[in-house]
Amino acid sequence: VAANPDLIQKNPYLNFISATLQLTDSREFLLFLGFALIIVILFSNIVNAFLTWMNLQFTWAINHSLSVRLMERYMDSSYISFITRNSSDMQMNIQSEIMAFANNVINSVLSIISKGVSLLMIVILLILVDPLLVVCVAAIFTVIYSAIYAVSKKSLTVIGQGSLHDN
């Protein structure tokens, strides 16, 4: 719109917004679009911060629940198991192992789900706006991804076999 102000009159959506808000000058319309963009970005950041907070709350709740359950298991053990086990190992299992599981597995799964939902919404919006563009971009990304996968698969297989041999 900034590069081509005539687009305001040619595009039916932009023309409708301009007429509804009674913006007569393209400069006023650009100013409105700028403020609208700032509001959208601000709203997006607030939503992302809230979702991150919810994600962390859920992850830490699982961390706490698993830690309590593991501690209860340890407490239900016989006295002999406490004598034969190192208490620092039990503490490490409770703290570091469960925290690593919660952060690496649960947090990653939640992140994949939230990013997937965002990607799905963007793709749906793009399909509604320009389906041909979506098909072309998807084909290009498929070719690029396939090429990267084909190149990296060989080297990763060699590295994996070397690591397996070393272990």
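**Entry 1**

I looked up Q22 and found it exposed, with a relative accessibility of 68%. By the cut-offs I used, buried means under 20% relative accessible area, exposed means over 50%, and partly exposed lies in between, with a 1.4 Å probe and protein chains only. I note that the model is predicted: local features need pLDDT of at least 70, side-chain atom pairs count only at pLDDT 80 or more, and totals for chains, interfaces and linings use all residues. Residues are numbered from 1 along each chain as its sequence is written, and side-chain values use heavy atoms, with hydrogens and water left out.

I placed Q22 in the loop between α2 (12-20) and α3. Helices here are DSSP runs (H or I, at least four residues), numbered from the N terminus. I then read the backbone of Q22: its phi is near 55°, a positive value in a residue other than glycine.

I also checked L21, which lies in the loop between α2 and α3. L21 is partly exposed, at a relative accessible area of 41%. From L21 to F50, 29 residues apart in sequence, I recorded 32 Å between C-alpha atoms.

**Entry 2: Helix α2**

I turned to the start of α2, where a side-chain oxygen of N11 comes to within 2.8 Å of the backbone nitrogen of Y13. I counted this as a polar contact, a pair of N or O atoms within 3.5 Å; within protein, one must be able to donate a hydrogen and the other to accept it, and residues adjacent in sequence count only if both atoms are side-chain atoms.

Is S18 buried or exposed? I found S18 buried, with a relative accessible area of 5%. S18 belongs to helix α2. A polar atom of the S18 side chain lies 2.9 Å from the backbone oxygen of L23. Leaving aside residues up to four places away in sequence, S18 touches I8, L23 and F29; contact means heavy atoms within 4.5 Å.

**Entry 3: α3 against α5**

Two packed helices are described by the angle between their axes and the distance between the axes. For α3 (residues 26-76) and α5 (residues 87-129), I noted an angle of about 150° and axes 9 Å apart. That makes α3 roughly antiparallel to α5, a term for angles over 145 degrees. The axes are lines fitted to C-alpha atoms, for helices over the stretch in contact, and the angles run from 0 to 180 degrees between N-to-C directions.

Which residues of α3 and α5 meet? On the α3 side I listed several, including N55, F58, W60, L66 and Y74; on the α5 side they include M90, I94, F101, I106 and S111. By class, the contact of α3 with α5 has 16 nonpolar, eight polar and no charged residues. In this scheme Ala, Val, Leu, Ile, Met, Phe, Trp, Tyr, Cys and Pro count as nonpolar, Asp, Glu, Lys and Arg as charged, and the others, Gly among them, as polar.

I examined T59 within helix α3. T59 is buried, with a relative accessible area of 1%. Not counting residues up to four places away in sequence, T59 touches A102, N103, I106, N107 and L110.

I then looked at Q95, found in helix α5. Q95 counts as partly exposed, at 46% relative accessibility. Q95 and S67 are 28 residues apart in sequence, and their C-alpha atoms are 7.2 Å apart in space.

**Entry 4: K153 in α6**

Last, I located K153 in helix α6 (residues 131-166). K153 counts as partly exposed, at 46% relative accessibility. Between the C-alpha atoms of K153 and K115, 38 residues apart along the chain, I recorded a separation of 25 Å.

Key. Helix = DSSP H or I, 4+ residues; strand = E, 2+ residues; numbered from the N terminus. Parallel < 35°, antiparallel > 145°, perpendicular 65-115°, else oblique.
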